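The sequence and coordinates come first, and the explanation follows.

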Amino acid sequence: MVAIIYSADFLHHETGPTHPECPARLTAIVTALRKMPGANYLHWQRPSPVAWNLDPYILRCHSQEYLNKLAKLAEEGGGSLDVDTPVSPQSYDLARLAVRAWLDAVDHALSQQEAAFVLARPPGHHAIRNTGMGFCLLNSVAIAAHYALTRPGVERVAIVDWDVHHGNGTEALVENNPRIFYCSLHQFPCYPGTGAAGDRGKHNNVLNIPLKPGGDGHVYQEAFEDKILPFLRQAKPDLLLVSAGYDANRADPLAYMNLIPEDYGMMTHYLMEISPHLVLGLEGGYHLPSLAKSVVETLKPLLF
Ligand SMILES: [Zn+2]
């Protein structure tokens, strides 16, 4: 079984008619999951309601000033944080619901010994302490990592970020904590320009793997075997979080890597070796058919 943490409310984060980070991304994934082989073993769960007690966890990563600004923008009918990052009237509440979904997934993966996939938007891995950017509002994966360290029995957490873009926000929000390990594979050069191989974090707890445009599944396989798996084996995480973006697909319009959907199953396979407690959550991925098929391929090794 795999838990899918999802709410149709996430469709109401509006980004405008031409934005690649659109509600149809979720609809495409939901449709594909409902009819995938093994669909009966997907356990659909709604995120729990957002309550006041979520705030201390969010404030571990974001400033109160930024939250106030986001809330005000949404309340006043929407706006944008930068040229890429719109905020619609419901976006602040939905970004908080996305955080809630990630924390529920952490609880689920720890208590049920069953992987969880968070199907939420807006995404989060570019959001830094004082602002969202790059389609992202609140950094759910970083908040989830810090939250996980408050759970019984969790001493160390690792994050693998296979979105084609470097998770600049996540790295910045976790690198000061020697109990959180972050590794990212990303096209380089590419947005947002961070993630050089020499950036290893304050405690040698960061592993950046910049990849030349055009690399395929073999490049990712080699990176896992030579670098990521040794890094994770040494980290010995009690919980593994995945920033699962799907914009490294060959068909994706935003970048130039050459993965095919089956390559994501290969990466899941590798990660299952590292920890039985696995939480994956959607970041990017903008070619809808490839996106939907890739999420299916990501989940297959966890079901069969
Ligand atoms: Zn991305």
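Helices (H or I, at least four residues) and strands (E, at least two) are DSSP runs, numbered from the N terminus. UniProt, in an unreviewed entry, places the feature "domain: Histone deacetylase" at residues 19-299; its positions are given in the numbering used here, feature names are shortened, and annotations may be inferred rather than shown by experiment. The model is predicted: local features need pLDDT of at least 70, side-chain atom pairs count only at pLDDT 80 or more, and totals for chains, interfaces and linings use all residues. Residues are numbered from 1 along each chain as its sequence is written.

Eight strands form an open sheet in the order β2-β1-β5-β10-β9-β6-β7-β8, with parallel pairing; two strands pair if DSSP finds at least two bridges between them. At the edges stand β2 (42-45) and β8 (206-211), each with a single partner strand, so one side of each has no neighbour in the sheet. From one strand to the next, the twist averages 15 degrees. Axes are lines fitted to C-alpha atoms, for helices over the stretch in contact, and angles run from 0 to 180 degrees between N-to-C directions.

Strand β7 (residues 180-187) pairs with β8 in the parallel sense over six bridges, and Y182 has V206 in β8 as its bridge partner. Helix α7 (residues 217-235) lies across β6 (157-161), β7 and β8, and runs at about 175 degrees to β8. Helix α8 (residues 261-274) also packs on the sheet, where it touches β6, β9 (239-244) and β10 (278-282), and its direction makes about 160 degrees with that of β9. Apart from this sheet, β3 (residues 79-82) and β4 (residues 85-87) pair in the antiparallel sense over three bridges. These two strands form a hairpin with two residues between them, and S80 stands opposite P86 in β4.

Two helix pairs come next. The axes of α4 (residues 91-112) and α5 (residues 140-148) come within 9 Å and cross at roughly 40 degrees. The two helices are therefore oblique to each other, given that angles under 35 degrees count as roughly parallel, over 145 as roughly antiparallel, 65 to 115 as roughly perpendicular and the rest as oblique. The residues in contact (C-beta atoms, placed from the backbone, within 7 Å) include W102 of α4 and Y147 of α5.

Helices α1 (residues 24-34) and α9 (residues 288-303) pack at an angle of about 45 degrees, with their axes 8 Å apart. That angle makes α1 oblique to α9. Among the residues making this contact are R25 and A28 of α1 and L291 and K293 of α9.

Finally, the backbone has some exceptions. Most residues other than glycine have a negative phi, and most peptide bonds are trans. F135, in the loop between β5 (116-119) and α5, has a positive phi of about 75 degrees although it is not a glycine. The peptide bond from F188 to P189 is cis, with omega near 5 degrees, and another cis bond joins Y191 and P192, with omega about 0 degrees. P189 lies in the loop between β7 and β8, and P192 is also placed in the loop between β7 and β8.

Terms used. Two residues are in contact if their C-beta atoms, placed from the backbone, lie within 7 Å.
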